[in-house]
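Open the model in your viewer and keep the sequence beside it. The tour goes from one selection to the next.

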Amino acid sequence: LTCSDVTSTSATLRWAPNVHPHHPVSLYQVCSVHNAPGAACHADRAEDDLWVTASASEVDGGMLTRTVEGLIPGQRYTLQVRAVNTFGHGEAAGTDVKMLCDVPGPPSQPVSEPGGAPRTMLLSWKEPPEQPGAEVTEYVLEMRKHGSSEWDAVHRGRSDTQCLVGDLDHFTMFHFRVRARNELGWSEWSDESMEASPPALAPEPPLVVSCRTTHSTATLRWHNQSSVSGYEVQQLKEAGSAME
């Protein structure tokens, strides 16, 4: 059994067909076992449910081939082939292979964490699958206001997977997307998320610093507050009467 044409997500197996004069092989089965660091099991003890029937192709010289797909970039696998006839399956032949590295997969969709302060949102996302030897070195988070097609970069970070975005309009819908980079290039953009910025909170009571009165007027002075759009002044004509 040999392995060739290794890419970041696939590898092609090549083997000589089994020949039995009385009980010919009816099919072949292929198994791929991910040799993750610290894994307790090994491919030579692969469970039966990991084996899939292979539709092998015959090539020059009578050899058979099968391309195994859907593997994870940068990871190590043990690929096996076994023959099956009317009496069951035979011993498996196996080979170890390491997948090539690739640009990262897209990170997960960025989501807003609850309990944000006014005019801010804390966005977080999950990193793409790990590729040993080609780790993520940077993330970029972009934002656009709902109804606009213009994206703005609001965060660049080496390894952190969250970002506090500030100076937002109150209770406004925003779209967010994120992508990752390693030494081989940029990933695709993540799925977009749409999040609403927190509503404005009621302001604290103004701090009155002076009140000057005449027989018919009263002049109040107080400290101005940021993010306040207006003030309302009420007067109480007599004790116990309603405010105006």
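In which loop is the place of S190? Select S190: the loop runs between β16 and β17 (193–196). Strands here are DSSP runs of E with at least two residues, numbered from the N terminus.

This is a predicted model, in which local features need pLDDT of at least 70, side-chain atom pairs count only at pLDDT 80 or more, and totals for chains, interfaces and linings use all residues. Residues are numbered from 1 along each chain as its sequence is written, and side-chain values use heavy atoms, with hydrogens and water left out.

S190 counts as buried because its relative accessibility is 6%; buried means under 20% relative accessible area, exposed over 50%, and partly exposed in between (1.4 Å probe, protein chains only). Leaving out residues up to four places away in sequence, S190 touches P106, P107, S108, Q109, P110, R177 and V178. Touching, or contact, means heavy atoms within 4.5 Å.

Next, select E183. This residue is in the loop between β15 (173–182) and β16 (185–186). E183 is exposed, because its relative accessibility is 63%.

Move to H155, in strand β13 (residues 152–157). H155 is buried, with a relative accessible area of 12%. Residues up to four places away in sequence aside, its contacts are W125, Y139, V140, L141, D160, Q162 and C163.

Last, select R76, which is in strand β7 (residues 76–85). Beyond its neighbours within four places in sequence, R76 is in contact with V33, H34, N35, V97 and K98.

Terms used. Helix = DSSP H or I, 4+ residues; strand = E, 2+ residues; numbered from the N terminus.
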